[in-house]
Structure formats: structure tokens, C-alpha cells
Amino acid sequence: GAPFLAYRGESLYLEDCALDALAERFGTPLYVYSQAAMLAALAPYQRALAGRDHLICYAMKANSNLAVLQTFARAGCGFDIVSGGELARVLAVGVSADRVVFSGVGKTREEMRLALQAGVKCFNVESEAELEVLSAMAVQEGRTARISLRVNPDVDAGTHPYISTGLKANKFGVAHERAVALYRRAAGLPGLEVVGIDCHIGSQITDVAPYLDALDRVLDLVEAIEAEGIRLHHLDLGGGLGITYTDEAPPTADVLISALLQRLDARGHGHRMVMFEPGRSLVGNAGVLLTEVLYLKPGEEKNFCIVDAAMNDLMRPAMYEATMGIVPTRLHNASPVTYDVVGPVCESGDWLGRDRALAVQPGARLAILSAGAYGMTMASNYNTRGRAAEVLVIGDQAHLVREREQPAELFRNERLLP
Ligand code: LLP
């Protein structure tokens with residue numbers, strides 16, 4: 001899965017940085033990202049789209065560290081944002097708003113106002129009610145809101161129920177059957193300019209087939225909408241491409257994109273601008289979470305390896321029962337013991353890995369793999385635990401790109417009673 005992660009002798013390296021040395025220098029828990037791995041994940045998207053009018057909008061919810069955003073901005077990416085906070089982040093790194101699309105099912109008026117003032121490229125609108133509020137806000141601000149409707153193609157992406165989004169039962173998008181009528185409505189509302197159509201069918205998708213199904217459904221709509229005299233300039237096909245955590249075998253981005261472009265051409269839509277919103281596939285395998293073993297605790301039924309990272313640092317196992325690789329940062333010639341790797345948080349759900357064979361002692365460090373996406377961005381302060389520090393490596397250079405949160409910062413905004 002992770003191309004720039006390898007043992008050299010006994011030591012695990014990310015690019016040319018020994019992870020044990022980074023843990024020593026910056027402390028644990030520590031997120032470490034490889035810039036080369038991010039760029040290598042982006043390259044197949046760029047290759048497949050070369051020569052086309054396109055924009056790759058990195059879905060920054062996966063990892064919104066400013067240095068990560070900078071990396072993708074310098075590589076020519078646009079961004080998919082879902083909140084005023086994410087808008088503030090992209091603007092903070094100097095991204096031009098005309099490379100930003102604004103997704104999300106519950107945009108507030110204030111978020112709309114900020115995005116209108118910034119001049120985002122497109123609002124991906126998810127309901128009729130939102131369309132009306134956005135129209136009113138645009139008129140009030142004296143701006144035009146460029147919009148796509150996010151349509152729900154009702155295909156099963158075959159993924160975890162919590163991260164599948166393209167089914168009828170989901171809160172996302174507008175129903176296929178309602179889409180033409182809503183486009184007509186949008187075209188008649190002041191302050192709005194219809195520019196495209198959008199869909200996103202889920203996350204951690206490991207097949208090309210659901211994407212092709214969704215594209216066919218979207219193209220049917222495009223044809224119906226344009227038959228009404230409403231022009232659609234771009235097609236946003238969302239994100240969702242999966243990565244290898246353990247034994248998943250998703251298609252590479254160039255295989256996926258090529259298949260989609262081929263279908264687009266075959267149906268006579270090859271001239272359209274295409275957009276994608278990849279998140280996980282650009283950063284997931286570019287990052288690890290380093291943690292130190294605090295205690296080994298043999299139990300009646302299970303052995304526990306208690307580490308200093310916890311569910312507040314990395315929610316995916318607790319929240320989705322996600323399996324993520326866990327390996328030592330230094331190899332030992334001891335015989336492995338099977339442990340549940342758990343954190344210090346006071347919840348039985350606070351586990352990072354189950355039944356893992358590990359040869360470790362207290363003080364040893366572990367790397368939790370594929371933690372570059374939906375790791376730090378989903379972290380919380382539960383148990384008044386400060387969030388981890390983040391380091392981005394470029395070759396043999398390690399850059400601290402976020403300092404560890406200190407306890408006093410955690411209650412800085414709280415007030416004592418008089
Ligand atoms: N576009 C939209 C509208 C989305 O909702 C998402 C993700 C993406 C793009 C990016 O999807 P990606 O390429 O990363 O799959 N926290 C979960 C994943 C939630 C995904 C939410 N939406 C996890 O840790 O697995």
C-alpha cells in the first residue's frame with residue numbers, strides 16, 4: 001500500500017527519515033506524512049486527465065493540514081471544501097477561490113456568504129431548500145452563485161454503510177427523478193448560474209463498475225437537462241476511490257479515470273470539463289501514526305498492548321471497525337505475541353487493532369499504517385487529550401507542520417463561573 005515506507009535494516013523509514021528518530025525528536029503520538037507519496041498518488045490522476053479540460057479538487061476533509069494543502073496547491077490541484085472552516089484553510093494557503101468547489105448537505109447562510117464573497121468556482125447544491133437560500137444570499141450579496149446539483153444516482157458502491165452516500169436512503173444529493181425539475185427551478189432563480197452537475201457515490205470504493213453505473217445515470221440526466229435548454233459545462237464525478245489498508249485491491253486512479261473518460265467519449269460527452277474530488281486515495285497511504293508502547297498487559301482471554309495513541313487520535317477502528325496495518329518501527333528477533341492494541345481512553349471501543357502478532361516491549365514504537373486520510377482530521381480532545389503533532393517529510397528533511405496541542409490550549413475558551 002505505502003510506496004515510500006520500507007525497512008532499512010531493522011528500522012522503518014518513510015522516505016529517507018527513520019520513524020523511530022522522528023518519534024524521539026517530536027514525541028508520540030505523531031502523524032508523519034510523505035510528500036513524495038502524496039505526489040505519487042496524484043500523478044496517475046494527472047496522467048489520465050492530461051490533455052482534457054479538468055480540475056482535480058482534493059477533498060481536504062481527508063487531511064486538511066496547511067502543508068498538505070500547500071503540497072496539492074503547488075501541484076496544480078483545486079479543492080473540495082465542506083465548511084467555512086475549510087474555506088478559511090484554503091484561503092490561508094493562498095489558493096484562488098476559483099479552484100474551489102463547496103460541497104455539503106448543510107451549508108449555513110454565513111458559510112454561503114463567505115464563499116460568495118471569496119468567489120468559489122461552484123456550489124454543489126444538495127436540495128431545493130438550499131437552492132432557494134443560496135439564491136437569496138447571492139442576491140443579497142450582489143453576487144452570482146455558480147451551481148451544480150449533486151444528484152443521487154442510486155448505485156450501490158459496495159462499501160461500509162457509514163461511508164456509502166449514493167443510495168436513495170442516504171441524506172446526500174437530490175433524487176434522480178427530481179433532478180430535471182430542480183435544474184429547471186435553479187435556472188429560474190435569481191443570483192444563480194447553472195454550470196455543472198455533480199455526484200459522489202461513496203468512499204473506499206474498490207471497483208470501477210459502480211462508477212461507470214453512476215456515470216451512465218448522470219449522463220442520462222445531462223441529456224435530459226440540456227434538452228430543456230439548460231447548459232451544463234462541467235461534470236463532477238466526486239471522489240471515493242479506495243486504497244489498500246490490508247488486502248483490498250482497488251483499481252489504480254489511471255485505470256478508473258481512463259474507463260470513465262472512455263465511457264464519456266463513447267456517449268458523445270468527451271468535450272466536457274471533468275472534475276474529481278479525491279480525498280483518501282491522495283493521502284491515505286502517505287501517512288502513518290506513530291505511537292509508543294506504554295504497557296503490556298496479559299489477560300485471561302486477550303493480551304493487551306497499551307499504547308499512547310487512542311481513539312481520539314485515530315477514530316477509524318472504533319467508528320467503522322476499520323482494520324489498519326500496525327508494524328513496529330524497529331524489528332526485533334523476539335517471538336511475536338498476539339495483542340489487542342488499545343489506547344488509554346476510558347472506553348472499551350478504544351482500540352486501534354485486534355489480534356495483532358507483535359514482538360514489542362514497553363518503550364518500543366509502532367506505526368499505524370494508512371493513517372494519512374481521516375486520521376488527524378477526525379481527531380478529538382476526548383479525555384482532554386491534546387491532539388497529536390504532525391510532521392511532513394521531504395526526502396531526509398522532517399518539517400513539523402503542526403505542534404502538539406498543550407492541555408492549557410484545550411480549555412482556553414472556557415470560563416469559570418463568577
Ligand atoms: N466528495 C464528497 C462530496 C465527499 O463527501 C467525500 C467524502 C469526498 C469527496 C472524498 O471521498 P474520498 O475520496 O476520500 O473517499 N471518514 C470516513 C470517510 C468519509 C468520507 C466522506 N466523504 C473514513 O474514515 O473512512
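In this predicted model, the ligand lies between domain 1 (5–33 + 284–410) and domain 2 (104–276), because both domains give residues to the shell around the ligand.

**Ligand shell**
- Of the 20 residues around the ligand, those that come nearest are Ala59, Ser203, Gly239, Gly279 and Tyr374.
- Two or more residues of the shell are given by each of helix H10 (280–283) and helix H11 (316–320).
- The shell around the ligand comprises 7 nonpolar, 9 polar and 4 charged residues.

**Domains**
- The domain assignment of the chain gives domain 1 (5–33 + 284–410) and domain 2 (104–276).
- The centres of domain 1 and domain 2, taken over C-alpha atoms, are separated by 36 Å.
- To the contact between them, domain 1 contributes 7 residues and domain 2 contributes 5 residues.
- On the side of domain 1 that touches domain 2 there are 2 nonpolar, 5 polar and no charged residues.

**Helices H5 and H6**
- The axes of helix H5 (residues 109–118) and helix H6 (residues 128–141) come within 10 Å and cross at roughly 50°; H5 and H6 are therefore oblique to each other.
- The crossing of H5 and H6 is right-handed.
- The contact of H5 with H6 has 6 nonpolar, 1 polar and 3 charged residues.

Note on methods
Residues are numbered from 1 along each chain as its sequence is written. This is a predicted model: local features need pLDDT of at least 70, side-chain atom pairs count only at pLDDT 80 or more; totals for chains, interfaces and linings use all residues. Axes are lines fitted to C-alpha atoms, for helices over the stretch in contact, and angles run from 0 to 180 degrees between N-to-C directions. Helices (H or I, at least four residues) and strands (E, at least two) are DSSP runs, numbered from the N terminus. Angles under 35 degrees count as roughly parallel, over 145 as roughly antiparallel, 65 to 115 as roughly perpendicular and the rest as oblique. A crossing is left-handed if the near helix is turned anticlockwise from the far one by less than a right angle, and right-handed if clockwise. Ala, Val, Leu, Ile, Met, Phe, Trp, Tyr, Cys and Pro count as nonpolar, Asp, Glu, Lys and Arg as charged, and the others, Gly among them, as polar. A residue is near a molecule or strand if its C-beta atom, placed from the backbone, lies within 6 Å of it. Domain bounds come from an automatic or database domain assignment. Two residues are in contact if their C-beta atoms, placed from the backbone, lie within 7 Å.
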